Amino acid sequence: MLKIKDLHAGIEGKEILKGINLNINAGEVHAIMGPNGSGKSTLSKVIAGHPQYEVTGGSIEYEVNFKKLNLLGMEPDLRAREGVFLAFQYPVEIPGVSSSVFLRAAFNAICRHQGAEEMDPIDFDKYLREKMKLLEMDENFIDRPVNVDFSGGEKKRNEIVQMAVLNPRLAVLDETDSGLDIDSMKIVAEGVNKLRRKDNAVLLITHYQRLLQFIQPDFVHILYDGKIVKSEGKELALEVESRGYDWLIK
Amino acid sequence: MSDVIKQKENEYRYGFHTDISEDKPPKGLNEDTIRLISAKKKEPEWMLEWRLKAFRHWLQMQEPSWPNFEYGPIDYQDIYYYAAPKQKNESPASLSEVDEELVKTFDRLGIPLSEQKRLTGVAVDAVFDSISVGTTHQGELAKLGIIFCSMSEAVIHHPDLVKKYLGSVVPYTDNFYASLNSAVFSDGSFCYIPQGVRCPLELSTYFRINSENTGQFERTLIIAEDNSYVSYLEGCTAPIRDTNQLHAAVVELVALDNAEIKYSTVQNWYSGDKEGRGGIYNFVTKRGKCKGANSKISWTQVEAGSAITWKYPSVILQGDNSIGKFYSVALTNNHMIADTGTKMVHIGKNTKSTIVSKGISSDFAHNSYRGLVKIMPTADGARNFSQCDSMLVGNNCSANTFPYIEVENNTAVVEHEASTSKINAEQMFYLRSRGLDLEESISLIINGFCKDVFKELPLEFSVEAVKLLEMKLEGSIG
C-alpha cells in the first residue's frame with residue numbers, strides 16, 4: 001500500500017530524514033519508535049504533505065483502489081481524499097467552526113472525489129454521533145468549535161473520532177498517546193482497533209511502548225537520526241522499553 | 001481593453017466602466033457649483049439655502065488629522081461634483097423607460113431592474129454617480145404607506161418629512177466630510193415607514209460610481225415611525241482606476257417608539273491595485289438615533305473594498321430601553337487601510353449596546369477598530385458589551401484596537417473583550433489534511449471567525465459576503 005524509498009526531507013534547509021525505506025501492506029499495523037528529534041513527526045508530516053517540509057530525495061508510492069499514486073506530487077487535500085489521514089500530535093483549533101460543519105465538509109469532499117454520494121446534514125449528524133460514541137466523546141462536542149477549549153486528552157480523542165468519520169485507508173497516528181491518561185489511552189486504542197480492517201493500514205508514531213500494549217503492531221521500526229536503524233516484530237518495543245535506545249544506535 | 005485592465009478585472013469583477021455620455025459640469029467647488037447641483041435637481045429654495053449654509057460652514061473647517069494613517073492630499077477643486085448619465089428620457093416615469101445602457105450596467109452588477117427579472121423580496125433604488133436611475137417595487141410599497149424613493153424625489157414630493165429629519169441626526173456642522181456632503185450631496189435613498197407597518201420587503205440601494213474624477217456624495221435618510229420595522233441593505237462598487245476617488249456619504253436613521261431599523265452594508269468599492277494605486281476613499285458618516293422608547297437600531301457592515309475606509313456607524317440611544325447594535329467585518333488586503341468602528345452614546349435609561357467587530361488584515365494592509373462607548377449621567381442601568389477580534393494573514397499587515405470608554409453613571413456595566421489571532425499555515429494544513437481544498441479551508445476559517453456578524457446579515461447577503469471575502473483572501477493565503 002505504501003512504499004517509501006530512500007526518502008530525504010527537511011525543514012528550512014536542515015535535513016531531518018536521511019534516507020527512509022519503509023513498506024506497509026494493507027491490513028498491517030506498523031509502529032515507529034525513536035528518541036526525541038529522530039524525525040518521527042517529520043515523517044508523518046511529509047506523508048500527509050505539510051507544505052513547510054521540503055522533500056530533497058526519494059519517493060513515496062501509495063497504492064489504493066488499484067491505482068499507484070506518487071504521493072509526493074499531490075496536494076495535502078488530494079492525499080486525504082485518496083484515503084491518507086494524519087492524527088496530529090498537536091491538533092489545531094478552528095474558532096467558530098463546529099465539528100459537525102467541519103467534518104461534514106471534509107467527509108463530503110472525500111465522497112465527491114471518490115464518486116460516492118454526499119451525506120445530508122441529518123444523516124451525517126446520526127453518523128457522527130455513532131462515531132463519537134465509539135470514542136466515548138460527549139455529544140455536546142458536536143456543536144463546539146473544533147478543538148477550542150478542549151483538554152489535551154479530548155483533542156487527541158477527537159482526532160480518532162475524525163479518523164473514524166473519514167474512514168481512511170492509511171492512518172498515520174502521530175504521538176496520539178502523548179498526554180493521554182491510561183483510561184483515555186484504552187478508549188483511543190479500542191477505537192483504533194475497531195477501525196482495523198484488511199484493506200486499511202495504520203502507522204503509529206510513538207515515543208513509548210505503552211500504546212503498543214493496546215494496539216498490537218505487526219512491525220516495530222526504530223528511527224534514529226533520520227534513518228530506520230532496526231525493524232522487527234512487536235517484541236522489539238518491549239526490548240526498547242527495558243533497554244532504552246542506546247544499544248540500537250551505538 | 002488593455003491586458004492589464006483585463007487582469008485586474010479578473011480580481012475585481014465590478015471594475016468595468018460603462019461608456020455613456022454624461023451631463024458633467026466643470027470641476028471645482030464654490031457656491032455656483034452648489035447652486036448648479038440644486039438647480040439640476042429642481043430643488044426648492046429652502047434646500048439650496050441649507051446646502052449653502054453647510055458650504056459656508058465647511059469653508060471654516062479643517063480636514064481632520066487624527067487618524068493613524070496618511071493619505072495623499074485631496075484637491076477639492078479638482079473634483080467633479082456632479083455627473084449624471086444622459087438619458088433619452090430625462091425623467092423616466094417608470095423603470096421601463098430607463099436607458100438601456102444603464103439597465104445593462106446594473107444587470108452586469110447583479111441588480112436586475114426590469115420587471116421580469118427583479119429580485120424577489122427586495123426593492124432596489126439604483127444610484128449611478130450623482131443620480132438615482134430607478135426604484136423598484138414602489139407601487140407595492142406605497143399601498144402600505146411606505147415611501148421608498150431617491151433623496152432628490154423626496155426633497156420635491158415629501159418636503160415636510162425631509163425638512164423635519166434631514167440633519168437631525170448628523171447636523172451639517174458635524175464634521176468636515178459630513179459638512180461637505182451636506183453642501184454637495186447628490187443622490188441617495190429616502191425611506192419612510194409609517195406607524196405600525198412592518199416593511200415586507202428588504203429595501204436596498206445599490207451605489208455605482210462610474211464617472212472618472214467624480215466624487216460621490218450620497219445622502220440617505222430612513223425614518224421608522226412608532227411600532228414599525230424595516231431592514232435596509234446597501235451595496236456599492238466602482239470601476240478600476242489608477243487615481244483615487246472620494247466617496248463621502250451621510251446616512252441618517254431615526255427610530256421612534258418601539259421601531260426597529262436594521263441597516264446592512266456590503267461595501268466593495270474598488271480598493272486599488274497590488275501596489276496600492278487607485279481606489280476609493282470611503283469617508284462616511286453614518287449615525288442612527290433611537291429617539292423613541294424601546295427602539296432598536298442595528299448596523300451590520302461587511303467592508304471589503306476601498307483604498308481607505310474611514311467610518312463609524314453610530315447609535316444615539318436617547319429613548320429609554322433602546323438598543324443599539326454594531327456588527328462589523330472589515331477585510332483589508334494589499335495596501336488597503338480601514339479605520340472603522342462605532343460610537344454608542346447612552347442617554348436613556350436601561351439602554352443597551354452590543355459591538356462585535358472582526359478585522360481581517362493581509363498583505364501590507366492596516367486595519368483598525370476605533371470605537372467609543374459613552375454613558376451619560378442620565379443613562380441609569382446602561383449596558384454595553386464590546387468584542388473586537390482581529391485576524392492577521394501574513395507578517396506585513398497590522399491590526400489595532402482603539403476602544404474609548406467614557407462612563408459618567410456608576411450604575412452602568414461596560415464590558416470590552418479583544419483578541420488578535422493569525423490565520424496560519426498550521427490551520428490551513430489541518431483542514432487540507434482532512435480533504436478540504438484551499439478555497440474550502442479559507443472559507444471555513446473566515447466563516448468561523450466572522451460567524452457572529454454574518455448571522456446578522458439577510459441570507460442572500462451573507463452568502464455573497466462570504467464569497468467576496470474568500471475571493472479577496474485567496475491570493476494572500478497559500
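At what angle do helix α3 (residues 99–114) of chain A and helix α4 (residues 121–134) of chain A pack? The legends below begin with this pair. The model is predicted: local features need pLDDT of at least 70, side-chain atom pairs count only at pLDDT 80 or more, and totals for chains, interfaces and linings use all residues. Residues are numbered from 1 along each chain as its sequence is written, and chains are lettered from A and ligands numbered from 1 in the order in which they are written.

**View 1. Packing of helices α3 and α4 of chain A.** The two helices pack at an angle of about 105°, and their axes are 11 Å apart. Helices (H or I, at least four residues) and strands (E, at least two) are DSSP runs, numbered from the N terminus. Axes are lines fitted to C-alpha atoms, for helices over the stretch in contact, and angles run from 0 to 180 degrees between N-to-C directions. The angle makes α3(A) roughly perpendicular to α4(A); angles under 35 degrees count as roughly parallel, over 145 as roughly antiparallel, 65 to 115 as roughly perpendicular and the rest as oblique. From α3(A), the contact involves S100(A), L103(A), R104(A) and F107(A), and from α4(A), P121(A), F124(A), D125(A) and L128(A). Two residues are in contact if their C-beta atoms, placed from the backbone, lie within 7 Å. By class, five of the contact residues are nonpolar, one is polar and two are charged; Ala, Val, Leu, Ile, Met, Phe, Trp, Tyr, Cys and Pro count as nonpolar, Asp, Glu, Lys and Arg as charged, and the others, Gly among them, as polar.

**View 2. Strand β6 (residues 84–87) of chain A, covered on both faces.** V84(A) and L86(A) lie on one side and F85(A) and A87(A) on the other, and all are buried. A residue is buried if 20 or more other C-beta atoms lie within 10 Å of its own, exposed if 12 or fewer, and partly exposed in between, with C-beta atoms placed from the backbone. β6(A) pairs in the parallel sense with strand β9 (residues 170–174) of chain A over four bridges. Two strands pair if DSSP finds at least two bridges between them. A87(A) has L173(A) as its bridge partner in β9(A).

**View 3. An open sheet of 10 strands in chain B.** The strand order is β4-β3-β7-β9-β12-β14-β17-β20-β22-β24, with mixed pairing. The edge strands, β4 (131–135) and β24 (413–423) of chain B, each pair on one side only. On average, neighbouring strands of this sheet are turned by 10° against each other, direction ignored. Within chain B, strand β20 (residues 352–362) and strand β22 (residues 383–393) pair in the parallel sense over 11 bridges. The bridge partner of V356(B) in β22(B) is Q387(B).

**View 4. Helices α10 (residues 438–454) and α11 (residues 459–474) of chain B.** These helices pack at an angle of about 130°, with their axes 10 Å apart. α10(B) and α11(B) are therefore oblique to each other. The contact includes I442(B) and F454(B) of α10(B), and L469(B) and L473(B) of α11(B). Its residues divide into seven nonpolar, three polar and three charged.

**View 5. The contact of chain B with chain A.** Chain B contributes 18 residues and chain A 23 residues. On the side of chain B that touches chain A, α10(B) supplies the largest share, seven residues. This side of chain B has seven nonpolar, five polar and six charged residues.
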